[in-house]
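Hi there,

Here is the structure I promised to pass on to you. Have a look at it first, and then read my notes below.

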Amino acid sequence: MTDRTDLSKIIASEGDNPLILTPENLQSQEDVELERNLRELKFKQELRKDWILFIVRDVVIFPAAILFIFAASGYSLFLHIHG
């Protein structure tokens, strides 16, 4: 990463009003660390949400649907054999 003193000399032109970035406008090291921690936390939350959706959808709902299909077809077969 570049030095903070070099970044403080950057001038970005916006029309007629140039915008001068001073060290007060730059993010401090604590802000960068906090932002990184927040991104890690958001990633962990997304991963946890994905695992919960996987467990609910692929481990609970799909086997329950297959079991229902087998039960309905078995009952139908039973009625045709004995009916």
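A residue is called buried when its relative accessible area is under 20%, exposed when that area is over 50%, and partly exposed in between (1.4 Å probe, protein chains only). Please keep in mind that this is a predicted model, where local features need pLDDT of at least 70 and side-chain atom pairs count only at pLDDT 80 or more, while totals for chains, interfaces and linings use all residues. Residues are numbered from 1 along each chain as its sequence is written, and side-chain values use heavy atoms, with hydrogens and water left out.

Let's begin with the charged side chains. Side chains of opposite charge can pair when their charged atoms come close. A salt bridge here is a side-chain nitrogen of Lys or Arg within 4 Å of a carboxyl oxygen of Asp or Glu. How many salt bridges does the structure hold? There are four.

One of them links glutamate 46 and lysine 49, at 3.6 Å from N to O. The two residues are three apart in helix H2, which puts about one helical turn between them. (Helices are DSSP runs of H or I with at least four residues, strands are runs of E with at least two, and both are numbered from the N terminus.) Lysine 49 is partly exposed at 43% relative accessibility, and glutamate 46 is partly exposed too, at 37%.

Glutamate 33 also has a salt bridge, with arginine 36, and their closest N and O atoms are 2.4 Å apart. Both of these residues belong to helix H2, again three residues apart, or about one turn of the helix. Glutamate 33 is partly exposed at 33%, and arginine 36 is partly exposed at 35%.

Next, look at aspartate 58 and arginine 57, whose side chains meet in a salt bridge of 3.5 Å, N to O. Salt bridges with shared partners also join Glu33, Arg36 and Glu40 into one network.

Now for the nonpolar side. Which residues form a nonpolar patch on the surface? They are Phe43, Leu47, Trp51, Ile52, Phe54, Ile55, Val56, Val59, Val60, Ile61 and Phe62, with about 1,100 Å² of accessible area together. Patches are made of residues with over 30% relative accessible area and no salt bridge; like charges are joined within 9 Å, and nonpolar side chains (Val, Leu, Ile, Met, Phe, Trp, Tyr) within 5 Å. The areas come from the Shrake-Rupley method with a 1.4 Å probe, and for residues only the protein chains shown count as cover. Valine 59 lies in helix H2, residues 29-82, and is partly exposed at 47%.

Enjoy exploring!
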